[in-house]
Amino acid sequence: MIGICAEFDALPGIGHACGHNVNGAAAVAAALSLGEIADEIGVTVKLLGTPAVEYGGGKVDMIHGGAFDDVAAVMMVHAGPEDCAGARTLAISSWQVSYTGTPAHAAVMPHRGVIAADAMTLAQVAIGLQRQQMIPGGIVHGFVASADEAPNVIPARADASYDCRAETLEDLRELQRAIRACFAAGALATGADLEIRSVGNDYVDLHQDTPMASLYAGAASRPGRTVIPSEQGMRGASTDMGNVSHWVPSIHPFIGYNTHNATAHHPEFTRYGTGDGADRAVLDGGLAMAWTALALATDASHRTSLLGRLAGRQTGTTVN
C-alpha cells in the first residue's frame, strides 16, 4: 500500500502562507492518477488527510492511531520557491509559558507585589545569554502574548509562546533542559510561579528515503523542472512528516513555483499560491508522486525492499 499525505491547515492571520493548499491538492491529484492504474500495478493507494502540521502534529496522533501501520511507503510534496528532492528539517517542541505573581498598587505598595512580567524579562535575558553555549543547530524563538493591562498595577500574569528546535530529538531534549532552566531562573529571582505546558506533539527530524527521493527527482524533472538535491534545499523548518519518516520509508520533496522572492510564512507567499504557477505545481507534483509510486510498484528490487520493511515493522523484526 502506498500512502499519500494531504496537508490542509493554514496559518493564523495570513492563510496559506506555507502552501498547504498546493500540498493537499497535489496529494489528491496523485491519488486520483494512481487510482486509475492501481489494480494493474498491484497496489492500494491510501490518501491520508493530515491536519495541524503548523502546530499540534496531526500526523503524530495518526501514527499512534495506526493510520500508517499498513503502508509500505509514504510521500507528499510541499510548496516552495524552488524544486528540491527533499527537505532538511529540525526537531521542534512548542511551549506555552506562564508566570503568575501577586498584584499590588504599583506606587503605594509595590513591595507587596510579585511582578510576573519581570520574571518573563529575566527569562528572556537568560535565553539570550544562553545562546553562546547553545547546542550547535539549536534555535529558540517566541513572543510574549500578554503581561496584564494597567501600568499602575503590578503585573501578576505573563504569558508567552516559545519554540525550541534542534538537529535531532536527542539534541532537542538537551536544548529543552537548558531553556527550562532559563524560565525557572525568572521564577526563582522574582518569586513568581512558573507553568510550562507542551503545545501539541514534538516533531522529530526528517529521514528522507534515498531511493525514493532519487525516483522522485527523476519524475519531477520530466515536465522540465530543475530539481536540486536535498542537501542544497531549505533548512530550518520543521514538520510532523519527520515523525512519519522514522516509522515508514518517506519522502518530503518541494514543488516549486514563482513566489517573487516571498518566503514561507509571509503574506506575499499566500498571494502567489493562487496563481498559475501554483496550479501548475499541483499538477506536476501530483504526477511526480504518481510516477514515483509507479516506479516503486513495478521495480522488483524497490517493491521487495519496501514490502520486506513493512513486514518487519508489522512483526517487530528489523529488515534491511
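Axes are lines fitted to C-alpha atoms, for helices over the stretch in contact, and angles run from 0 to 180 degrees between N-to-C directions. Helices (H or I, at least four residues) and strands (E, at least two) are DSSP runs, numbered from the N terminus. The model is predicted: local features need pLDDT of at least 70, side-chain atom pairs count only at pLDDT 80 or more, and totals for chains, interfaces and linings use all residues. Residues are numbered from 1 along each chain as its sequence is written, and side-chain values use heavy atoms, with hydrogens and water left out.

The axes of helix α4 (residues 116-130) and helix α5 (residues 169-190) cross at roughly 145° and come within 8 Å. On α4, the contact (heavy atoms within 4.5 Å) includes Met120, Leu122 and Ile127. On α5, Ile179, Cys182 and Phe183 are among the residues that take part. By class, this contact of α4 with α5 has twelve nonpolar, three polar and one charged residues. Here Ala, Val, Leu, Ile, Met, Phe, Trp, Tyr, Cys and Pro count as nonpolar, Asp, Glu, Lys and Arg as charged, and the others, Gly among them, as polar.

Helix α9 (residues 276-298) packs with helix α1 (residues 20-35) at an angle of about 45°, and their axes lie 7 Å apart. α1 and α9 cross in a right-handed sense. The contact of α1 with α9 has 15 nonpolar, three polar and no charged residues.

α9 also meets helix α10 (residues 300-315). Their axes come within 5 Å and cross at roughly 85°, which means that α9 is roughly perpendicular to α10. Ala295, Leu296, Ala297 and Thr298 of α9 touch Ala300, His302, Arg303 and Leu306 of α10. Five of these residues are nonpolar, two polar and one charged.

The largest pocket has a volume of about 900 Å³. A pocket is an open set of points on a 1 Å grid over the protein atoms alone, where a 1.4 Å probe fits, with protein on both sides within 12 Å along at least five of seven lines; lining residues have an atom within 4 Å of a point. Grid points are joined across faces, edges and corners, and a volume is the space filled by probe spheres set on the points. The lining of the largest pocket has 41 residues, and Glu54, Arg165, Ala237, Ser238 and His265 lie nearest the centre. β5 gives the most to this lining, with five residues.

Technical notes
Left-handed = near helix turned anticlockwise from the far one by under 90°. Parallel < 35°, antiparallel > 145°, perpendicular 65-115°, else oblique.
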